[in-house]
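Hi there,

Here is the structure I promised to pass on to you. Please have a look at it first, and then read my notes below.

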Amino acid sequence: MVRNRPGTGHCGVDAAMGVIEGKWKVSILWALGEGVCRFGELRRVLGVTEKVLAGQLRELEGDGVVVREDFGEVPPRVEYSLSARGLALNSALRPLGEWGRELLGS
């Protein structure tokens, strides 16, 4: 369920942008599009602080885009993956990424 944000109730693009707003969210989606990742793995790949990554993942999970699986083990083992909604979002972002690569090439 997408969290209520001001201005996201009337326009689908605003609602979608509300889900991916945040410096690291698109990078997190890209990394999880490659496969399931543990928290530390995401931190290393993205070069983001623990606090920021935890917050961004929590928001993506709240929006139903990311699935967090806690195995209840010691030491803690938590894995993150994309939900069906997250996979659909990555598919929707793919043309934007292609547009950006073209822009970088020109």
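**What turned up**

Searching the whole structure gives zero aromatic pairs (rings of Phe, Tyr and Trp, the last by its six-membered ring, pair if their centres lie within 6.5 Å). This is a predicted model, where local features need pLDDT of at least 70 and side-chain atom pairs count only at pLDDT 80 or more, while totals for chains, interfaces and linings use all residues. Residues are numbered from 1 along each chain as its sequence is written, and side-chain values use heavy atoms, with hydrogens and water left out.

Now to the strands (DSSP runs of E, at least two residues, numbered from the N terminus). Strand β3 (residues 78-82) is largely enclosed by the rest of the structure, because four of its five residues are buried (under 20% relative accessible area, with a 1.4 Å probe and protein chains only). Strands pair if DSSP finds at least two bridges between them. β3 runs antiparallel to strand β2 (residues 66-70), with five bridges joining them. It is also antiparallel to strand β1 (residues 37-38), through two bridges. Which residue of β3 is the bridge partner of Glu69? That is Glu79, and Arg38 stands opposite Glu79 as well.

One more contact to look up: Arg77 lies over the face of Phe71, 3.7 Å from the ring centre. A charge sits over a ring if NZ of Lys or CZ of Arg is within 6 Å of the ring centre and within 35 degrees of the ring normal.

Enjoy exploring!

Note on methods: Phe/Tyr/Trp six-rings, centres within 6.5 Å; stacked < 30°, edge-to-face > 60°. Buried < 20%, exposed > 50% of the residue type's maximum accessible area, 1.4 Å probe, protein only.
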